[in-house]
Every structure is written in C-alpha cells, then in structure tokens.
Amino acid sequence: MADALTDAHRRFLQALLARGVVEAAEAERLRRLCCQRHPASGAGEQLDDFVAALNAQLQPLSMEIRKGSAEDSGGTYLALVNLAETDITKMASDFSENELELFKKTLDLILMSGNGFASSTEILNLADQLKPKKMKKVEVEQVLQQLVQKKWLCEKEGEYTLHIRSILELEQYIFRHYPESARKCHICHSLSVQCQVCEDCGIVLHGSCLSKYFQAQPEPRCPHCKQFWPHQIPDLHPPSQLPLNARRESRKASRTGSRHQQ
C-alpha cells in the first residue's frame with residue numbers, strides 16, 4: 001500500500017471485525033468515535049469517503065468494506081469482506097467442522113426453498129445427517145443460536161434465513177455452488193434470497209427493492225416486461241415488526257412466484 005492506514009482507520013477496522021457487520025448508522029457512529037479519538041485522521045470526511053479511502057488501502061490485500069441492503073427492511077449494512085476467501089471456511093474460527101456442516105445444510109434448505117426460509121423443524125431434522133458425527137437436536141438448537149448471534153442467520157417466528165452478513169461475505173461462494181437457485185435482484189443486482197418472481201419474464205426482485213421501485217410508479221408493473229405485478233408488495237418495515245399473518249402472506253406470495261418460475 002502506498003500510504004499506511006491512519007489510526008482512525010485501524011480502529012474502525014478493528015471495530016468492524018469485532019462486530020462482523022454493522023448498520024450504516026452504527027458505522028457512522030463508529031467513524032465519529034474513531035476520528036474523535038484520533039482527530040487528525042479524516043475527522044471531516046463523510047462515511048462514504050472514509051470507507052472509500054480505506055478500501056483503496058485494503059485493495060492490495062484482497063479485502064474490501066462492502067455495503068449492502070437487508071432483504072427484508074432495505075436497511076444499509078457494512079461488512080469487511082476477504083475477497084481472497086470465497087468459501088465457508090472463513091467461518092472456521094468460530095465453528096467446528098460439524099457445526100460448519102450444519103450451516104452448509106441449512107444453506108441448502110434456505111436456497112432451495114423458493115422463498116428464502118427454512119423452518120426450525122426442517123433444520124432440526126438434519127441432526128442425524130451430519131458428518132463427521134451426528135448431533136443431538138438440542139446441540140443443533142445451540143448452534144443455530146450462535147449463527148444468529150454472530151449474524152450469519154436471522155430467525156423470525158421459527159424460520160431461518162440468511163443475514164445480510166452471509167450475503168455480503170458468501171455471495172461468490174453461493175453463486176458458484178448454487179448456480180440453479182442463486183439469483184440476482186433485477187434492480188440492485190445483488191444476491192436475492194428473499195424475493196418475488198415475475199410470472200411472465202422470470203426476473204426476481206428483493207421485497208425492499210420492490211417497495212422502493214413501485215413507490216415511484218403509477219401502477220405496479222414489472223420493471224422488465226411491464227406486465228402487471230400480481231404479488232403483494234411489501235412495505236419497508238422489518239418483518240419482525242409486522243403481524244405474523246402479514247409475514248406469512250408475503251412469504252406465500254414469494255413461494256407462488258417461485259413455483260411459476262419453475
């Protein structure tokens with residue numbers, strides 16, 4: 001690297017590494033704290049400029065602070081991604097071989113589900129299939145809790161989906177290993193796990209991208225083929241803040257679209 005990272009940048013990186021992934025508002029708070037601690041280091045920069053300067057220095061190390069939107073709420077998050085490690089082995093420091101196998105099988109269920117969710121019952125039933133050794137169901141529950149705490153998975157009313165951290169860090173891995181089921185959102189062009197599918201042309205859209213796009217349109221029509229969009233259009237509230245029946249209806253719409261695509 002041409003220039004060494006400043007103390008503010010180093011402290012920011014350490015904070016990001018410790019958290020795994022942070023919301024943009026929290027990242028800005030961290031940036032301000034780091035610059036207050038080291039006032040000569042980018043104190044007047046905006047977050048995007050601060051991150052861009054950092055990424056310029058990280059590029060030779062095959063690392064990048066990547067920004068992405070949560071699929072359910074549309075909220076912006078940042079994570080430090082090692083571009084040279086595009087495999088699940090990057091999680092090895094946090095989990096055993098057996099626990100990583102559980103995550104892989106859970107990933108299979110989520111990506112093959114058609115709506116981006118796997119139920120706790122489906123995941124618990126994996127206990128007897130794990131290698132190198134089987135796990136008790138109570139052990140599976142404990143691993144799932146760790147995966148949620150470390151922000152690899154999200155849990156909503158007994159159903160699991162990928163956290164934005166997994167999408168940011170494992171996107172290349174998922175596209176490489178799940179070419180038939182991994183799809184890109186037509187609007188933001190990032191990995192789309194929780195999505196709706198156009199019944200006419202087959203494009204997929206994040207719920208949050210759908211909501212933003214249709215807010216500016218006179219009527220809900222597919223951004224690609226212009227046919228009427230038949231699914232329920234979600235709002236931008238996180239699913240945990242919606243009534244349970246509304247969440248189920250949204251997922252039902254996603255499943256319906258996926259069936260039509262198949």
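A: Start with a term. Buried means under 20% relative accessible area. Keep in mind that this is a predicted model.

Q: Which residues are buried in α6?
A: V140, V143, L144 and L147 are buried there. Seen down the axis of α6, its buried residues fall within an arc of 105 degrees, so they line one face of the helix.

Q: What covers the buried residues of α6?
A: The cover includes two helices, α4 (97-112) and α5 (120-124). It also includes the strands β5 (153-156) and β6 (159-162).

Q: What span should helix α6 have, at 1.5 Å a residue?
A: The expected span is 1.5 Å times one less than the number of residues. Helix α6 covers residues 137-149, which is 13 residues, so it should span 18 Å. Its end C-alpha atoms are 18 Å apart, which agrees.

Q: Which residues does Y213 touch, beyond four places away in sequence?
A: Y213 is in helix α8, residues 207-215. Y213 touches I187, R221, P223 and K226. Take I187: it is 26 residues from Y213 in sequence, yet their C-alpha atoms are 8.4 Å apart.

Q: What pLDDT does the protein average?
A: The average is 83, and 85% of the residues score at least 70. Over residues 238-262, though, the pLDDT is below 50. That stretch has 38 contacts in the model beyond near neighbours in sequence. Where pLDDT is low, the predicted coordinates should not be read in detail.

Definitions and conventions
Residues numbered from 1 in each chain as written. Predicted model: local features only at pLDDT ≥ 70, side-chain atom pairs only at ≥ 80, totals over all residues. Heavy atoms only, no water. Helix = DSSP H or I, 4+ residues; strand = E, 2+ residues; numbered from the N terminus. Buried < 20%, exposed > 50% of the residue type's maximum accessible area, 1.4 Å probe, protein only. Arc of directions from axis to C-beta. Contact = heavy atoms within 4.5 Å. pLDDT = per-residue confidence, 0-100.
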